[in-house]
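Okay, everyone, thanks for coming. Let me put the structure up, and then I'll walk you through a few parts of it.

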Amino acid sequence: MSILQSNIPGGPLSDKWTNHKNSIRLVNPANKRNIDIIVIGSGLAGASASASLAELGYNVKCFFFQDSPRRAHSIAAQGGINAAKNYQNDGDSTYRLFYDTIKGGDYRSREANVHRLAEVSANIIDQCVAQGVPFAREYGGTLANRSFGGVQVSRTFYARGQTGQQLLLGAYSALSRQVAVGKVKMYNRHELLDIVKVDGKARGVVVRNNATGEISSHGGHAVLLCNGGYGNVFYLSTNAMGSNATASWRAHKRGAFFANPSFTQIHPTCIPVSGDYQSKLTLMSESLRNDGRIWVPLHKEDAEAVREGRLRPTDIPEDRRDYYLERRYPAFGNLVPRDVASRAAKERCDAGFGVNKTGQAVFLDFSSAIERYGEEQANLKGISPSDREAVMQMGREVVSAKYGNLFQMYEQITADNPYETPMKIFPAVHYTMGGLWVDYNLMTTVPGLFALGEANFSDHGANRLGASALMQGLADGYFVIPYTIGEYLADDIRTGSISTDHDAFKAAEMEAKGHLSSLLSIQGKTTVDTFHRKLGKFIWDYCGMARSEQGLNYAISEVQALRDEFYNDVRIPGKLDELNPELEKASRVSDFLELGELMCNDALNRKESCGGHFREEYQTEEGEALRDDKDYAFVSAWEYSGDPKAPNHHKEELTFDNVELKTRSYK
Amino acid sequence: MKLTLHVWRQKDAQTQGEMVDYTLDSVSEDMSFLEMMDVLNQQIIEAGDEPIAFDHDCREGICGMCSMVINGQPHGPQQGTTTCQLHMRSFKDGDSIYIEPFRAKGFPVVRDLMVDRSAFDRIIQSGGFVSVGTGAAPDGNAIPIRKEEADEAFNAATCIGCGACVASCKNASAMLFVSAKIAQLDRLPQGKVESKERVRSMVVQMDEEGFGNCTNTGACSAECPKGISLENIARMNRLYLQSSVSPT
């Protein structure tokens with residue numbers, strides 16, 4: 001039997017969460033006041049968990065590396081948040097959201113967790129509305145919805161192209177209210193260096209105050225990791241510059257298993273790379289695929305002419321365009337899931353149809369939508385549709401109301417006006433479905449150590465659907481952990497406060513200081529960013545949109561060599577006990593250099609294609625992913641062995657009692 | 001292009017700072033302003049010196065972490081744009097660029113171009129929320145809200161809390177920031193309930209943090225990367241007056 005106990009409650013799928021809540025142990029209010037909880041991260045998961053746990057009476061300490069909790073990268077989520085409200089009367093239901101998520105994840109997620117997510121989704125919207133989140137509304141005053149990829153209903157709630165910002169500010173306001181009453185203590189510009197275990201349980205953390213360089217220990221009865229994903233392994237991604245995997249990786253080294261690290265999401269619609277100095281990539285929301293049509297020239301000579309600047313996209317007639325998503329996937333068209341859309345873009349560009357200087361871009365075109373909306377407005381206002389300029393102007397206004405901020409952002413970055421000419425887009429790293437392995441209660445393999453939001457692995461399988469990350473972060477923080485943490489903390493009501501005088505804290509602090517000092521003492525010639533860029537390029541080329549045995553083996557040896565070089569030649573100016581941004585980066589990159597190898601090992605081990613994990617050896621004749629349910633319907637959970645080159649592999653078998661395993665088709 | 005950069009260097013809040021000059025060759029116009037700063041920092045590190053400290057994170061114009069006063073303007077010359085979204089095509093070969101931190105009593109310098117804006121967090125903690133606990137919410141559609149009101153609340157809510165309003169104001173006033181939150185919540189029925197208490201406590205906290213008053217110059221709104229409207233300040237003043245005359 002596997003050593004992984006998922007602790008999924010018994011009973012029928014739709015009753016599991018209710019039954020679990022009814023039987024889970026509680027901590028009474030007087031005892032909650034004597035229990036301290038440490039939260040790492042202040043994004044949607046961290047802020048919502050901190051606020052909700054403090055409201056219950058627990059004492060919370062929240063640590064984050066930004067200068068304010070409102071700046072966590074959840075803020076940048078654009079398109080929306082899913083919820084099975086069925087406000088549109090279009091046949092949506094909890095079951096359908098559950099089913100779409102399981103199917104979208106290519107049958108590599110846990111049924112029970114996903115169903116719970118779908119169940120609590122509706123409460124999230126209610127909670128956010130009550131906090132004053134200004135969601136988009138219809139003229140009748142009710143909440144508006146739109147569609148996202150991989151789905152045939154309209155269940156996405158949104159606040160223009162800034163939904164993440166509005167939801168995070170809602171959670172931040174709830175958090176601020178608890179700070180005001182003294183139930184949450186905030187530690188800005190603080191970064192986790194280690195998890196401290198006492199008698200096998202997570203009992204605290206070692207952190208560094210990045211503003212002063214001071215290293216300190218903090219004790220608690222439980223530690224919640226809400227530190228987001230590890231997309232910055234790739235260097236170039238849509239993540240924030242500071243997003244990092246250090247909390248997850250240090251937890252992994254202390255015994256938390258890392259699940260499905262190779263399941264990373266490459267988002268199809270991002271602004272393409274423009275030069276070597278590029279520091280990050282910018283997403284153009286999936287919501288744009290509601291109205292934008294993706295195409296490349298049908299003929300190579302046109303693509304070449306576009307690349308060389310001899311031909312403008314607007315001069316290519318309809319019959320010389322290839323709307324390849326509509327052609328290949330007529331049922332879902334431009335709204336296929338992200339993994340499918342990304343691979344299709346790569347396929348066209350590899351075949352020589354790319355449309356920018358580097359040949360790594362496709363068009364996202366709004367001209368049909370502008371025309372369609374303009375004609376609707378002309379009808380409404382009684383203006384003759386033959387007045388084309390007026391029609392197009394009204395169409396541009398409708399599109400601007402929906403996506404104005406995104407169009408503006410695109411123009412600022414590229415100097416092209418997307419109202420006049422199609423956007424150029426290309427896939428980029430966006431989200432990581434993999435993460436720390438957790439059981440149904442969101443606890444990792446280290447007792448007392450929990451992982452929430454993007455930091456855990458549990459809900460999105462091998463591919464996340466659009467508008468589901470916000471849903472999961474808030475579900476975990478508002479509606480799951482406040483219940484499930486009681487099961488663990490009920491044993492701690494007599495423990496008393498956790499003292500940092502324990503030897504385990506001293507040892508962890510020494511070790512953390514030692515690691516940073518050794519990095520500083522290298523005094524080599526090469527900057528941290530140079531190493532990070534090299535690592536990112538290996539992982540992107542060999543563990544990105546397409547993977548192969550040969551490529552992965554090559555990447556593993558190169559990453560190992562790069563790691564050795566890093567420890568011999570990195571140059572970090574400044575000192576340990578002061579503000580030192582280069583040291584912060586070096587500490588994070590030292591973890592990425594190990595995690596990158598684990599990602600390749602995981603991809604190598606999984607001899608099938610599923611979701612975002614596409615092994616070139618395993619594909620159908622039409623180039624679609626070829627899953628192997630007989631041998632690979634499991635979660636890979638990796639245990640740190642002490643040597644990053646030789647992790648131990650564990651499996652959690654996935655059982656599907658409520659959905660039939662089918663080849664995912666969006667045709 | 002080739003640029004001359006005059007950058008404010010200051011070790012910490014206690015130490016006197018100064019402008020230091022740097023030259024940078026081969027800057028591409030497609031670079032963002034912060035990518036230009038990255039290239040400069042790589043050059044500084046390779047020369048054996050300490051890089052320029054500046055705050056930044058999302059580089060998408062939404063987290064509000066980047067700051068800097070560029071040629072006298074918070075977030076630089078382009079309207080409606082944060083420093084991270086400013087691109088070098090706004091400058092030309094041979095330009096001299098002056099780069100300084102946001103300067104205000106309420107924003108002490110941490111180092112170089114990095115300032116401490118935690119005063120903004122304390123202002124929000126003093127009342128920038130709806131007092132509703134998790135789980136106590138009615139159905140999202142239970143209270144219809146006029147689309148226009150929801151849209152206006154949204155416009156106020158798009159504030160990214162960067163502090164450019166304070167940096168641009170001759171009085172270092174934070175009233176655009178504070179009023180945006182007050183107006184957002186006052187426009188929605190969920191937030192309206194506590195409007196009077198909220199405006200009083202947030203204004204008190206704003207004053208305690210050392211931010212000045214509004215004298216209707218309007219620089220804040222003109223420099224705001226998100227175009228937050230001055231109308232919010234008018235609304236806040238109106239609410240504050242109402243609340244002073246009739247506190248309940």
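Chain B is assigned two domains, domain 1 (3-110) and domain 2 (118-245), with bounds that come from an automatic or database domain assignment. Their C-alpha centres lie 29 Å apart. The contact takes 18 residues from domain 1 of chain B and 17 residues from domain 2; contact here means C-beta atoms, placed from the backbone, within 7 Å. On the domain 1 side, that's seven nonpolar, nine polar and two charged residues. For those classes, Ala, Val, Leu, Ile, Met, Phe, Trp, Tyr, Cys and Pro count as nonpolar, Asp, Glu, Lys and Arg as charged, and the others, Gly among them, as polar.

Quick housekeeping: this is a predicted model, so local features need pLDDT of at least 70 and side-chain atom pairs count only at pLDDT 80 or more, while totals for chains, interfaces and linings use all residues. Residues are numbered from 1 along each chain as its sequence is written, and chains are lettered from A and ligands numbered from 1 in the order in which they are written.

Now the sheet. Chain B has an open one of five strands, in the order β2-β1-β5-β3-β4, with mixed pairing. Which strands stand at the edges? They are β2 (18-24) and β4 (73-74) of chain B, each with a single partner strand, so one side of each has no neighbour in the sheet. Strands and helices are DSSP runs numbered from the N terminus (strands E, at least two residues; helices H or I, at least four), and two strands pair if DSSP finds at least two bridges between them. Strand β1 (residues 3-9) of chain B runs antiparallel to β2(B), over seven bridges, and Leu3(B) has Leu24(B) as its bridge partner.

Most residues other than glycine have a negative phi. His75(B) is buried, with 28 other C-beta atoms within 10 Å; the cut-offs are 20 or more for buried, 12 or fewer for exposed, and partly exposed in between, with C-beta atoms placed from the backbone.

Last stop, two helices: α7 (residues 195-208) and α9 (residues 231-245) of chain B pack at about 105°, axes 9 Å apart. That makes α7(B) and α9(B) roughly perpendicular, a label for angles of 65 to 115 degrees. Among the residues that meet are Val199(B) in α7(B) and Leu239(B) in α9(B).

Conventions:
Contact = placed C-beta atoms within 7 Å. Axes fitted to C-alpha atoms, helices over the stretch in contact; angles between N-to-C directions. Parallel < 35°, antiparallel > 145°, perpendicular 65-115°, else oblique.
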